[in-house]
Every structure is written in C-alpha cells, then in structure tokens.
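I wanted to get my bearings in a structure I had not opened before. These are my notes, in the order I looked things up.

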Amino acid sequence: MNMPPSPSGAEHTDGLSIRVGALVPLTRPGWVEAGRHLLAGLDLAVREVNDAGGIDGRPLELVVRDTAADPERAAAAVDELAHLGVAAVVGEYHSVVARAAAARADALGVPFLCSSAVLDALTEEPTEWVARLAPAQSYGWRIYADFLLHAGRRRIAVVTQPSVYWASGTRVLRDHLVPRGGTVLELDATLTREALCDALVDHGATALLLLVGHPEPAVPIVRAVRGDRRLAEILIGAPAGQPEFAGWAAVLGEEGAGIPFLRYLPECLGPLGERVGKELRERLGEAPSFVAFEGWDTVAVLAAVLRSHGTDRAAIAESWPRVAVEGTRGPIQFSRTPGISVWQWAWTPIQVVDRDPAEPDRFRILHAG
C-alpha cells in the first residue's frame, strides 16, 4: 500500500514528528468522495496544529493509508502503521472497514479514534482502545425512523445488498417501526427494476429506502422509481447519506432531490464550525460535508489528548473518558453507552435533510434529533 503525498506537506523524516495513522477510502470500490472530504478535514486540522507550534514543539505527521473499502486491507494497514510507530490511528468512513481496523487496533494495543463509521458493534467485546465520534447506527437510524412516522410513512420497503451494515440498519428500522404500526418489506437489490417497482406497488409502500451502494445500484434504482407513474407519491429515502455529496447531484440532478438522508451537523454552526467550514470549502472547492467536519474534529480531539497525556499508546487510550474538547459541532466527550463496545461521543447532533427539489444544491432540514 503506497502512501499518497500528504496534502499538508506534513511528512517528516527527522524523527521529531508525532506520527498519526489515517485510514481513508481514496480509491474504488471505496466511497472516494467521502474519503476526500474526510482527508480534507484531517489534513486541515493537522496543518492548524502544526502552524500553532505542534504538540510541545513537535509537528504532527499524518501517515495516510488508502483502505479502498476493503476490511483486510484496513487491518493490514493497522499492522503496518503500528510497526511504523504511530501514536494512534484515526479515520475511516465505511463501517465494515472500521470494524476490521478496530479489531486489529484492539489486538495490537493501538489507540483508534474512529471518525465516521456508525456500526454499533465496532468490536465484538468492550475495548478501552477505541473511541468514536460518529453516532451509533442504532441511534441515528431510530431518529430517521421517527421522521418517517412523523411524515405519515408507515409502509416501508428497503432495497438492500448483503452487508452487516445494511442488515443492521434494516433491523434497527424494523425494531423501531413495527411496534409503532409500521411495516418493513425487504427487497433484494438484484431484482430487475421492473420487478422492484411492481413489488412496491403490490405492497402499497409509502417509502422506499436505499440500503445500497452509490452510484451502483442506487442511481438506476432512483431513476426507475422516479420514472414509474404508479409510484409518483412514494418517498425515496437514503438514511446512510448517499445524497450528501456533490457527486449525487451531479449524476441525478433533479431526480436526486427530495430524498431525505441523515447528516451529523447542528442546525447552526458556532463560530468555530463556521471558520473551519469556510477553510474546508476553500480546500474542497465545494460545500464541506459533515464527513469533513468529522475529520477536523478527530484531529482536534487527538491533539488535545497528546498535549495532556503524551504519546504513550496506553496513556492515550486511558484518556478517552477524560476528553473535553470544543469541536466544530459542539462539545465532545466520550462515555460508555449501553450496547456500544467502544468509547462513544453521545451524541453528535443529527438532522434528517434533503436536497431542495426547487434548488438541488440547497439542503432542507426536515427533522432533528
């Protein structure tokens, strides 16, 4: 695995730097757009730490590894980064990849601060080595289920692909919706588009949730449903956040608007969030997603830990419950949360938003949790 050049120019070989491993999906089949935003946030925060004098005079060095959405590749990267002497590992967007990285970090005794993956069970057993900024899937997707209920959508169909992540999401939705009068019908993403639309009509579905990859098969599914007059009133939703990124709008245009998804931002950013958001926009050349803010917050947390507890791996892991950092989206602290095996920020601000059909580049907040 070759390391791409560090965008911040923070690669040092003088032995004085504090190395931090960063796991990011930068090539397909990884969600490259999410990876680019995550890395932009990580890198901006590293640059700011170094511009302010580093950690007790020592610069942070971001050692980036591309996971390409491959769990085995991520686990191997954690091995390599541990051998390189990183103080900690950060990052990752894909939940199944983060789970593999977390398991390896736990086994090796390397602190892992997970930026953006939401799968509840990041590790099989409780661990002291792993902390997470993103909200657990069970928490965020229950908020999404509440949105559906408030919108009067109770006959829910999900089109899904085989994955621990999608199966977990389906279970969260069913457990929350069924006791409240909802139904959840699972449809296989390998169905022909005609068969999928027929099944939605036969079921009387009032919402179809895309629990599938982007752009395939999400984009052709959206186009098929939008093009079926029988389904003119159905709500298409994407709780995993596919419409968050500009690539979604570029491919689907107006067809990709009006599809509610989860994003992890407050209704209004404070001064810090506004400043960081402006910097991120300049770096990315587009509006930063919540994933970019997650990246910045990750380094802000780790820098605070390094300043107060040093670079010893065990000391870093022991510091998770004592973290108190002002992030771009609010004060960050970690705690033990029932059902969650890692140290968890409980909870990140959560919104259900969509792209405005009248102006697809503008987001509308539909529900907050």
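Before anything else, I needed to know what counts as a helix or a strand here: helices (H or I, at least four residues) and strands (E, at least two) are DSSP runs, numbered from the N terminus. I also noted that this is a predicted model.

**Entry: Glu124**

I started with a loop. Glu124 sits between strand E4 (112–114) and strand E5 (130–132), in the loop that joins them. Is Glu124 buried or exposed? I found Glu124 exposed, since its relative accessible area is 67% and the cut-off for exposed is over 50%.

Next I went to the loop between strand E2 (60–66) and H2, where I found Ala68. Ala68 has a positive phi of about 55 degrees, although it is not a glycine. Ala69 lies in the loop between E2 and H2 too, and its phi is also positive, at about 60 degrees, again without being a glycine. Ala68 counts as buried because its relative accessibility is 6%, under the 20% cut-off. Ala69 comes out at 22%, so I put it down as partly exposed.

**Entry: H2 against H3**

I followed the chain into helix H2 (residues 71–84) and looked at how it packs on H3. A reminder to myself: two packed helices are described by the angle between their axes and the distance between the axes. For H2 and H3, the axes come within 8 Å and cross at roughly 35 degrees. The crossing is right-handed.

Which residues of H2 and H3 meet? From H2 I listed Pro71, Ala74, Ala75, Val78, Asp79 and Ala82. On the H3 side I listed Val96, Val97, Ala100, Ala101, Arg104, Ala105 and Leu108. By class, that contact has 11 nonpolar residues, no polar ones and two charged ones.

**Entry: helix H5**

H5 covers residues 164–177, which makes 14 residues. From first C-alpha to last, H5 reaches 20 Å, close to the 20 Å expected at 1.5 Å a residue. At its start, a side-chain oxygen of Ser163 gets to within 3.0 Å of the backbone nitrogen of Tyr165.

Which residues of H5 are buried? I wrote down Tyr165, Trp166, Ser168, Gly169, Thr170, Val172, Leu173, His176 and Leu177. Their cover includes helix H3 (95–108) and helix H4 (137–150), along with strands E6 (155–160), E7 (183–188) and E8 (207–211).

**Entry: His203**

His203 belongs to helix H6 (residues 193–203). I marked it as buried because its relative accessible area is 16%, and the cut-off is under 20%. Leaving aside neighbours within four places in sequence, His203 is in contact with Arg155, Ile156, Thr183 and Leu185.

**Entry: two cis peptide bonds**

I looked at the peptide bond from Arg28 to Pro29 and found it cis, with omega near 15 degrees. Pro29 is in the loop between strand E1 (18–24) and helix H1 (32–51). The bond from His214 to Pro215 is cis as well, with omega near 5 degrees. Pro215 is in the loop between E8 and helix H7 (218–226).

**Entry: Leu302**

I found Leu302 in helix H10 (residues 290–309). Leu302 is buried, as its relative accessible area is 4%. Not counting residues up to four places away in sequence, it touches Val20, Ala88, Val90, Leu113 and Ile316. The C-alpha atoms of Leu302 and Trp320 are separated by 9.6 Å, and the two are 18 residues apart along the chain.

**Entry: Arg329**

My last stop was Arg329, in the loop between strand E11 (325–327) and strand E12 (330–332). Is Arg329 buried or exposed? Arg329 is buried, because its relative accessible area is 4%. What does its side chain make a polar contact with? I found the side chain of Asp297, at 3.0 Å. Beyond residues up to four places away in sequence, Arg329 touches several others, among them Tyr264, Leu265, Pro266, Phe293 and Trp345.

Methods: Residues numbered from 1 in each chain as written. Predicted model: local features only at pLDDT ≥ 70, side-chain atom pairs only at ≥ 80, totals over all residues. Heavy atoms only, no water. Expected span 1.5 Å × (residues − 1). Buried < 20%, exposed > 50% of the residue type's maximum accessible area, 1.4 Å probe, protein only. Contact = heavy atoms within 4.5 Å. Polar contact = N/O pair within 3.5 Å; in protein donor to acceptor, adjacent residues only side chain to side chain. Axes fitted to C-alpha atoms, helices over the stretch in contact; angles between N-to-C directions. Left-handed = near helix turned anticlockwise from the far one by under 90°. Nonpolar A, V, L, I, M, F, W, Y, C, P; charged D, E, K, R; others polar.
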